[in-house]
Amino acid sequence: MAMQEGSPVFTPSTQVIGNAFVEQYYHILHQSPNLVHRFYQDSSHLSRPDMHGNMTTVTTLQAINEKVLSLNYEDYTAEIKTADAEDSFEKGIILLVTGSLTGKDNVKKKFAQTFFLAPQDKGYFVLNDVFRYVEEKELQNSVPANGISEQASISALTPEPELTDDQLAKEPLTYSEEEDINNGAEVCDPLDKEEGSVVEEEVVEPQNIAGQNERIVTVDSAPMVPDDAPKQSYASIVSQLQ
């Protein structure tokens, strides 16, 4: 008797797994934070900023549980804006989440959180978790873009004050003897001493400084859960992978 062919194994997409994880993770985080540590293992790393903005990292289930409980997530409401997932190392999933947390004082704080979901026998576990609030105000320790500091850009755009007629009369303009009237750059050839130096005019092309006349175009990421996609729980997806 011939054996019947088994039904094809359903393999959910990376984005579907990411969406299901986000929906369940944040629900448990704010409703039952004492159970969140079950998403992790002893080898997991969880990073959170301290009161000064410096990132601190903890590992082991006990340390992760203590850290999560100390942050009082039950006093906040999460609003997820985007959740973007892609395949990563050793069949893992990298997941970037953006949204906001609103406390009892109705103050909304934007955040970004990155997860690395590592595969295990039954689904995935959180191997890495990095969370940081995203401040809208300018950071004090910002890194200059393209090596040009903001102060330098402001000073370059600020015109110098014009001299009045009285100041011109008191301070006549003088030229140094070493100044070349043609404003050219002198290029000397050390091998040609008989003909002397050759004067060539150096053409300086204007540099484009990013940020002066550049328009910033923002592209919204795809919504976390498509309207026409059926919703599945993280647990049901994990069971399908078994």
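Okay, one term before we start: a residue is called buried when its relative accessible area is under 20%. Keep that in mind, and remember that what we're looking at is a predicted model.

So, how many of the residues here are buried? In this protein of 242 residues, buried ones make up 22%. As for the surface, the accessible area is about 18,900 Å², and carbon and sulfur atoms account for 51% of that.

Now the overall layout. We've got five helices and eight strands. If you walk along from the N terminus, the order goes α-β-β-α-β-β-β-β-α-α-β-β-α.

Let's zoom in on some strands. Strand E5 covers residues 108–120, and strand E6 covers residues 123–133. Those two run antiparallel, joined by 10 bridges, and they form a hairpin with two residues between them. If you want a spot to look for on screen, glutamine 113 sits opposite phenylalanine 131 in E6.

E6 has another partner, too: strand E1, residues 40–49, pairs with E6 in the parallel sense, over four bridges. Over there, find leucine 46, which stands opposite aspartate 129 in E6.

Last stop, threonine 14. You'll find it in helix H1, which spans residues 14–31. Is threonine 14 buried or exposed? Its relative accessibility is 16%, so it counts as buried, since the cut-off is under 20%. And what does threonine 14 touch, apart from its neighbours within four places in sequence? Its contacts are Ala85, Glu86, Asp87 and Ile93.

Methods
Residues are numbered from 1 along each chain as its sequence is written. This is a predicted model: local features need pLDDT of at least 70, side-chain atom pairs count only at pLDDT 80 or more; totals for chains, interfaces and linings use all residues. Side-chain values use heavy atoms; hydrogens and water are left out. Buried means under 20% relative accessible area, exposed over 50%, partly exposed in between (1.4 Å probe, protein chains only). Accessible areas come from the Shrake-Rupley method with a 1.4 Å probe; for residues, only the protein chains shown count as cover. Contact means heavy atoms within 4.5 Å. Two strands pair if DSSP finds at least two bridges between them.
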